[in-house]
Amino acid sequence: MGKSKVVIIECRKYKQDLVDQAVSEAVELLGGWERFVAKEERIVLKPNLLARCSPEKACTTHPQVFAAVGRSLRHHGYENLLYGDSPGNHLIGVEQTAEGCGILREARQLGIEAANFSEGQQVDYPQGHAADHFVLCKGALEADAIINLCKMKTHQLERITGAMKNTFGCVYGFNKGASHARFPNADVFGKMIGDLNLLVRPRLHIMDGVMAMEGNGPQSGDPTPMYLLLASADPVALDSVFCRLVDLKPELVPTNVYGQKYGIGTYEEDQIEVLTLEGPISMEVAVSRWGNADFNVERGEEFQGQLKVIGFLQPLLDRKPFVKKDQCVGCGICVQACPLEEKAIYLKKGKPVYRYRKCIKCYCCQEMCPQKAIDVKTTWIAKIADRNWKI
Ligand code: SF4
Ligand code: SF4
């Protein structure tokens with residue numbers, strides 16, 4: 001088997017002609033649309049529509065990237081196009097979220113209808129490594145092909161949310177929250193995401209990294225320019241290139257580890273070919289040209305450190321969510337987002353309070369807070385462990 005190809009195209013602005021060109025070049029370098037999708041297929045574009053966030057927040061796939069992909073497919077004669085994602089807050093509809101992210105307008109202009117992501121269907125998956133079933137959005141199940149339009153962002157649980165993690169939006173509504181309770185730590189959650197990718201298998205992954213998100217992602221982080229569009233048929237290779245560009249070891253991301261283990265792709269540098277408009281380049285050159293070692297992402301190795309084997313010490317190593325009271329408006333979305341039957345967060349005098357002993361550290365509360373009022377802190381003991389016990 002040949003190496004996994006990952007295309008890197010520089011794109012300095014969300015300007016229609018620049019993004020159109022970047023998308024066309026990326027797809028051409030990978031062999032053209034016909035390598036991935038057939039004209040008669042029902043194709044679903046799957047952007048990241050985590051929440052109703054304006055494009056400037058870099059929380060969701062930028063509408064220009066979505067539109068560029070839609071336009072390019074239309075230009076090449078693809079008629080049967082739809083779009084869909086399951087937003088983080090299942091009480092807010094897909095179209096309402098897409099409207100807030102600027103994607104609905106582009107979709108309407110291109111005549112791309114919403115697929116049915118408002119209904120779910122259980123799919124048994126007995127061969128799964130962690131999950132024996134999923135409740136998937138009907139729109140994802142009815143698709144012949146999914147094109148994954150992911151965002152280059154940080155994530156408190158999995159460190160990054162790129163191509164692999166973006167398929168989680170094919171899981172229907174509140175089942176996403178329930179999945180956090182079923183798969184309550186980064187490792188087992190990564191296994192489940194691996195299973196999901198085996199089941200859903202998007203044909204192509206295009207990552208919007210023109211304006212990425214660093215820090216307290218996936219919703220409350222800070223936009224930071226990377227000026228890049230990445231594309232690959234291999235989501236693990238794609239995510240691992242993102243990792244290397246931000247000086248994060250790919251093997252610290254569970255979705256990479258299980259993605260490789262399950263045969264979805266590879267994060268090994270010698271198995272990846274980086275393609276650019278000037279031809280193939282080494283990872284080293286790519287990193288020296290486009291890398292950002294100051295990108296704010298969790299690089300600590302405490303979860304993998306030697307203390308992990310001593311089970312009772314694990315709570316001392318877990319990173320804890322906390323509320324920044326001055327930013328909190330008491331909306332209670334964090335409480336709704338907690339997937340536990342007996343919530344580990346509740347409102348007291350209008351402000352959220354944690355029950356840390358019950359908390360499984362899934363960070364759904366942090367992910368869904370619209371005010372950036374929840375952050376996650378590393379304990380001092382985890383910091384010491386990180387400095388002293390490297391993998
Ligand atoms: S979601 Fe954020 S703003 Fe709303 S109550 Fe929770 S912490 Fe406060
Ligand atoms: S309180 Fe937050 S981190 Fe803890 S279990 Fe609930 S949603 Fe997850």
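This is a dialogue on reading selected features of a predicted model.

Biologist: What are the ground rules for this model?

Modeller: The model is predicted, so local features need pLDDT of at least 70 and side-chain atom pairs count only at pLDDT 80 or more, while totals for chains, interfaces and linings use all residues. Residues are numbered from 1 along each chain as its sequence is written, chains are lettered from A and ligands numbered from 1 in the order in which they are written, and side-chain values use heavy atoms, with hydrogens and water left out.

Biologist: How do I read a ligand shell, and which residues are closest to ligand 1?

Modeller: A residue is near a molecule if one of its heavy atoms lies within 4 Å of it. Ligand 1 is surrounded by 13 residues, with C328, C331, G332, C334 and C369 the closest. For the make-up of a shell, Ala, Val, Leu, Ile, Met, Phe, Trp, Tyr, Cys and Pro count as nonpolar, Asp, Glu, Lys and Arg as charged, and the others, Gly among them, as polar. The shell around ligand 1 has ten nonpolar residues, three polar and no charged.

Biologist: Which residues come nearest to ligand 2?

Modeller: Around ligand 2 there are 14 residues, of which C338, C359, C362, Y363 and C365 come nearest. That shell divides into 13 nonpolar, no polar and one charged.

Biologist: C338 turns up there; where does K343 sit, and which residues does K343 contact?

Modeller: Helices (H or I, at least four residues) and strands (E, at least two) are DSSP runs, numbered from the N terminus. K343 is in the loop between helix 13 (333–337) and strand 14 (345–348). Contact means heavy atoms within 4.5 Å. Beyond its neighbours within four places in sequence, K343 contacts V335, Q336, C338 and R355. The K343 side chain also reaches the backbone oxygen of C338 at 2.8 Å. This is a polar contact (a pair of N or O atoms within 3.5 Å; within protein, one must be able to donate a hydrogen and the other to accept it, and residues adjacent in sequence count only if both atoms are side-chain atoms).

Biologist: How do I read burial along a helix, and which residues of helix 11 are buried?

Modeller: Buried means under 20% relative accessible area, exposed over 50%, and partly exposed in between (1.4 Å probe, protein chains only). An α-helix has 3.6 residues a turn, so residues three or four places apart point the same way. In helix 11 (residues 283–290), the buried residues are M283, A286 and W290. Viewed down the axis of helix 11, they fall within an arc of 60°, so they line one face of the helix. The arc is that of the directions from the helix axis to the C-beta atoms.

Biologist: What does the buried side of helix 11 pack against, and what is on the face turned away?

Modeller: The buried residues pack against strand 1 (4–10), strand 10 (222–232), helix 9 (235–245), strand 11 (272–276) and strand 12 (279–281). The face turned away carries the exposed residues E284 and S288.

Biologist: Is Q366 buried or exposed, and what does the side chain of Q366 reach?

Modeller: Q366 is found in helix 14 and counts as buried because its relative accessible area is 1%. Its side chain reaches the backbone oxygen of G217 at 2.8 Å. Contacts of Q366 outside four places in sequence include G217, P218 and I374. The peptide bond from G217 to P218 is cis, with omega near 10°. P218 is in the loop between strand 9 (204–214) and strand 10.

Biologist: How do I read a nonpolar core, and which members of the largest one touch the most others?

Modeller: A nonpolar core is a set of buried Ala, Val, Leu, Ile, Met, Phe, Trp, Tyr and Cys residues joined through side-chain atoms within 4.5 Å. The largest has 73 residues, of which W33, L45, L73, Y83, I147 and I206 touch the most other members. A second, separate core has 29 residues, including V6, I160, L228 and C243.
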